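Subject: Structure handover

Hi,

Here is the structure for you to look through. My notes on what turned up follow below it.

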Amino acid sequence: MNQLKTKWLPLTLVFLLFFTLSSCNEECPPCDIDPKPVAAPDQVIEVDQAKMAYDAYGKRRVPLIQRYEDSINRSRGYDKKQQIQQEKNGQKSDNTGPKPFDVARYVHYDYATIKQYLAYIEQEAKAANVEISTLRFYLSNYPDQTFFPGTKDSIMHPRQNSVLISPTIKKGKRDFLFYIDDSIEEQPKAVILNDGFGPAPKGFGDNASENNRSYASFLPNLTEPNAKAPMLYQGRSVTMNKGNGAPPPYPEQ
């Protein structure tokens with residue numbers, strides 16, 4: 001009898017240990033393990049360096065943009081229009097000319113939008129079986145219009161600077177912008193673009209020739225003055241814009 005107990009005792013202990021561990025995995029909350037600290041990328045700069053770069057832009061770029069845009073307002077008689085409007089509203093005209101143009105100093109997105117955008121471009125790249133190589137931030141300028149041509153997309157700050165955020169994929173030794181051709185839903189493809197969001201150079205990418213033909217066939221009709229500007233590319237874009245831009249407070253504020 002003692003030999004039988006001795007024989008089954010190790011098996012019983014193993015069963016109890018397995019049962020205890022299984023129950024803990026189902027009922028116990030996950031253990032809190034301190035995550036490994038994330039090191040700052042090499043590209044992170046000190047605050048005084050950021051301040052120096054910000055001030056340099058304010059001294060070397062803002063006045064140039066300010067003078068140029070204000071000269072456009074003056075040439076269009078904005079100061080006279082403003083004076084007439086003030087008189088209509090019963091206000092005393094200060095005769096100081098048009099309001100200074102707001103020179104954008106930064107563009108911002110809420111953090112949730114940035115995370116959503118990163119998840120979106122990774123999803124699109126994975127579906128097209130390509131890998132994102134870099135993320136570009138293009139300096140851009142909004143057209144001097146209320147809406148983008150041929151659309152209902154309003155332009156909140158005409159003539160103001162902005163940024164375009166767009167991922168790239170590597171072809172050979174170069175990185176290219178791209179968009180997603182979803183004409184075949186089950187087989188989306190990444191169609192590469194050149195550095196200026198134009199058609200891909202010849203010989204790059206499987207869809208380069210098709211892209212060039214599509215681009216040529218969708219060129220704007222310049223013979224009809226009221227013709228709407230068409231979509232040059234059909235597919236899903238991976239480029240983000242429409243950030244919120246603002247100048248800093250003016251000194252007197």
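Leaving aside neighbours within four places in sequence, F178 is in contact with P167, T168, I169, A190, V191, I192, L193 and V238. Contact here means heavy atoms within 4.5 Å.

A word on the source. This is a predicted model, with residues numbered from 1 along each chain as its sequence is written. Local features need pLDDT of at least 70, side-chain atom pairs count only at pLDDT 80 or more, totals for chains, interfaces and linings use all residues, and side-chain values use heavy atoms, with hydrogens and water left out.

F178 also belongs to the largest nonpolar core, which has 15 residues. F178, I180 and A190 have the most contacts inside this core. The elements that give two or more residues to the core are α5 (111–127), β3 (161–171), β4 (174–181) and β5 (189–193). A nonpolar core is a set of buried Ala, Val, Leu, Ile, Met, Phe, Trp, Tyr and Cys residues joined through side-chain atoms within 4.5 Å. Buried means under 20% relative accessible area, exposed over 50%, and partly exposed in between (1.4 Å probe, protein chains only). Helices (H or I, at least four residues) and strands (E, at least two) are DSSP runs, numbered from the N terminus.

**The strands around β4**

β4 is mostly covered, with 6 of its 8 residues buried. β4 pairs with β3 in the antiparallel sense, over 4 bridges. Two strands pair if DSSP finds at least two bridges between them. I169 has F176 in β4 as its bridge partner. β3 and β4 form a hairpin with 2 residues between them. In that turn, G172 has a positive phi of about 70°.

β4 and β5 also run antiparallel, joined by 5 bridges. There, D181 has K189 in β5 as its bridge partner.

**Salt bridges**

How many salt bridges does the structure hold? There are 8. The term means a side-chain nitrogen of Lys or Arg within 4 Å of a carboxyl oxygen of Asp or Glu.

E124 forms one with R236, the closest N and O atoms being 2.6 Å apart. This pair links distant parts of the chain: E124 sits in helix α5, and R236 in the loop between α6 (208–217) and β6 (244–246), 112 residues apart. E124 counts as buried because its relative accessibility is 5%. R236 has a relative accessible area of 28%, so R236 is partly exposed.

R236 also meets D182 in a salt bridge (3.2 Å, N to O). D182 lies in the loop between β4 and β5, 54 residues from R236. D182 is partly exposed, at 29% relative accessible area. Salt bridges that share partners join E124, D182 and R236 into one network.

D175 and K170 meet through their side chains in another salt bridge (3.2 Å, N to O). K170 is partly exposed, with a relative accessible area of 47%.

**A buried charge without a partner**

D70 is found in helix α3 (residues 62–75). D70 is buried yet has no salt bridge. The nearest side chain of opposite charge, R74, is 5.0 Å away. For charge, Lys and Arg count as positive and Asp and Glu as negative; His and the chain ends are not counted. Leaving aside neighbours within four places in sequence, D70 is in contact with K99, P100 and F101.

Best wishes
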